[in-house]
Structure formats: structure tokens, C-alpha cells
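Welcome! Have a look at it first, and then we can walk through it together.

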Amino acid sequence: MKSLTEAAVRQYRDLGYYAPVPILTRAEAGALRRSLEAFEANGGGIQGAVRHKPHLLFTWLNELIRHPRILDAVEDIVGPDILCWGTSFFIKERRNTSYVSWHQDSTYWGLEPPDIVTAWVAFTDSAADNGAMRVIPGSHKLDQVPHRDTFAAENLLSRGQEIMVDVDERQAAMLELAAGEMSLHHVRLIHGSDPNPSDDRRIGFAIRYIPTYVRQVAGSHDSATLVRGVDDHHNFELEQRPDADMSPAAVAYHAAVTGAHAQILMRGTGREMRA
Ligand code: NI
């Protein structure tokens, strides 16, 4: 074990999640928030394609996906050869009705086998009063469950997808995190979250990690960033780091990569990726 206790790994295997894991100090999390908000203050918005794989646009996010504390915990779950397949911001603005419907992450990702772990890093506190993630313990042991696309405007998921089975919300566990902590969840775990009625925005950054043996089976081409160990499988084109925040080269590369990514995620809908 590099970071997690055996009990923590056992909980992840049995229940499909583990939290909280301390990663950053509150001050470090605040610095990440300020980096994000400096970009926004300059007229940039975390919407559309920029919401996804922003680690290809910003050096400070490319550093974060390689953070040793995050990778030590991820290694305890998926082993030493690790790719970052994706990142996404989950921002809920203050007094906002955006939500995340109950879903399994695996539904449209096209990745096999389902050995994918999400490290969800809190840039702000994420708690009951601002729409923290809720999970159904043990639901990762279900197979893939059918989902329906709703494209609901306030749903933060790419298709507004929601699971087509009744979820017993009394079973749900809330993953409350302080700024700088992360949760870990399995790609098949049923989860969702409510709106943020509080007076501050809630900022989370989801990092999707896979062992190098995972394959993309829904598209002919996909890419990922090697963050630890070696890639002997060559199932993904290895991504380049941004040379500077929002540099022309980084922006062009990110556009190409997220375009290919969106084709996989939105396949069969006839729609573009939305904000
Ligand atoms: Ni999800």
C-alpha cells in the first residue's frame, strides 16, 4: 500500500467508493480556485469543450493530475501503470439549480474492462448544503444498467442521462469533502447530486484514471495522458502537456483531442457536446 489503508481499499472494493482522502491543504485548494477564477476574470469560461480535459489547456491542472498523493491512492486501487483518461469540472454556481441525475459513469465511455476510478478533488468544500455527491453503496457490483438521455438543460451530464431503474435514495451515502480532499469512486457506482442553494459556488474537479490495460471499444481512436509507470499496451495515443496556459499549441491540441472524445461520448445522438 502506498497511501490507503487495507480497510480503505476493502471498502472501495465492497462499496465502490472511499472518502475523504486528504490531498491538498486548504490554502493549496484555494490557490487552484484562484487560478481558475483568474482565467474566468479574463473572460474565459469553463463551458463547452473547455470543461472537459482542461488538463491539456492549463499547466496547473496538468500538475494536479500527476499529484503524488492522488496517484499513490489511485495506485493502491488500479496498480502502478496509470493513464489519466479524462478530466471534467463540476461547478455549481451559488443559488443555482444545476444538478447531476443518478447515473453510472461507464454508460457512454466505451472503456473495458470497467477498472476505472474517479478521483473527485474538492476545490471548495462540498457538503450537504451545496450539493455534494451522493452514492448508492455497493451499486458498482451491478452490471451496466440502461440509461435514458434527457438532455435536460440543468443536468450537468453530457447527455442529461439518467438511470432507468428506481434508485432508493434512503440507501444513499453523501460524500462530504473539505476543500483539498478527494473522494474515489468506481465507474459503475450509481451516483448523483442535488443543486447548490448556498451563497458560494461549489467547485469540483473529476479526474478519471485507468490502468494501461483498459481499452476503448466504442471508438477507433482515443487518447490519454500517462501519469505514472509505463504503457506497454499502447491502447491510447499518449497526450502532450500544455507548454503554457491556453497557449495556441495547447488550445489547438485540446480542440483536436476533445473533438475525438466528444464523438465517442455523444455517439448515436446526432448532437454536439454541450456545456
Ligand atoms: Ni458521474
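Which residues coordinate the nickel ion? They are His 103 through NE2, Asp 105 through OD and His 191 through NE2, at 2.0 to 2.1 Å. Please keep in mind that this is a predicted model.

**The nickel site**

- Along the sequence, the donor residues of the nickel ion follow the spacing H-x1-D-x85-H.
- His 103 counts as buried because its relative accessibility is 3%.
- Asp 105 is buried too, with a relative accessible area of 6%.

**The nonpolar cores**

- The largest nonpolar core is made up of 39 residues. Ile 70, Phe 123, Leu 184, Ile 207 and Tyr 209 are the ones with the most contacts inside it.
- Several elements contribute two or more residues to this core: helix 1 (6-15), helix 2 (26-41), helix 3 (59-64), helix 4 (68-78), strand 2 (82-92), strand 5 (117-122), strand 10 (181-186) and strand 12 (202-211).
- Helix 4 gives the most to this core, namely six residues.
- Setting aside residues up to four places away in sequence, Ile 207 touches Leu 64, Ile 65, Ile 70, Cys 84, Gly 86, Thr 87, Val 117, Thr 118, Ala 119 and Val 121.
- Another core of 14 residues lies apart from the largest one, and its members include Ala 122, Met 133, Ala 173 and Leu 177.

- Beyond its neighbours within four places in sequence, His 186 is in contact with Tyr 12, Gly 16, Pro 114, Ile 116 and His 140.

**Strand 2 and its partners**

- Strand 2 is mostly covered, with 11 of its 11 residues buried.
- Strand 2 and strand 12 run antiparallel and are joined by 10 bridges. Within this pairing, Gly 86 has Arg 208 in strand 12 as its bridge partner.
- Strand 2 also pairs with strand 14 (residues 223-228), in the antiparallel sense and over three bridges. Here Cys 84 stands opposite Thr 225 in strand 14.

**Helix 5 and its two sides**

- Helix 5 covers residues 248-265, which makes 18 residues. From its first C-alpha to its last, helix 5 reaches 25 Å, close to the 26 Å expected at 1.5 Å a residue.
- Which residues of helix 5 are buried? They are Ala 250, Tyr 253, His 254, Val 257, Thr 258, His 261, Ala 262, Ile 264 and Leu 265.
- Viewed down the axis of helix 5, the buried residues fall within an arc of 165 degrees, so they line one face of the helix.

**Backbone spots to look up**

- The peptide bond from Ala 19 to Pro 20 is cis, with omega near -5 degrees. Pro 20 belongs to strand 1 (residues 17-22).
- A cis peptide bond also runs from Glu 112 to Pro 113, with omega near -10 degrees. Pro 113 sits in the loop between strand 4 (111-112) and strand 5.
- Phe 151 is not a glycine, yet its phi is positive, near 50 degrees. You will find Phe 151 in the loop between strand 7 (147-148) and strand 8 (162-163), and at 17% relative accessibility Phe 151 counts as buried.
- His 234, also not a glycine, has a positive phi of about 55 degrees. His 234 is in the loop between strand 14 and strand 15, and a relative accessible area of 62% makes His 234 exposed.

Technical notes. Residues numbered from 1 in each chain as written. Predicted model: local features only at pLDDT ≥ 70, side-chain atom pairs only at ≥ 80, totals over all residues. Heavy atoms only, no water. Core = buried A, V, L, I, M, F, W, Y, C linked by side-chain atoms within 4.5 Å. Buried < 20%, exposed > 50% of the residue type's maximum accessible area, 1.4 Å probe, protein only. Helix = DSSP H or I, 4+ residues; strand = E, 2+ residues; numbered from the N terminus. Contact = heavy atoms within 4.5 Å. Pairing = 2+ DSSP bridges. Expected span 1.5 Å × (residues − 1). Arc of directions from axis to C-beta. Donors = N, O, S within 2.8 Å, 3.2 Å for Na, K, Ca; no water.
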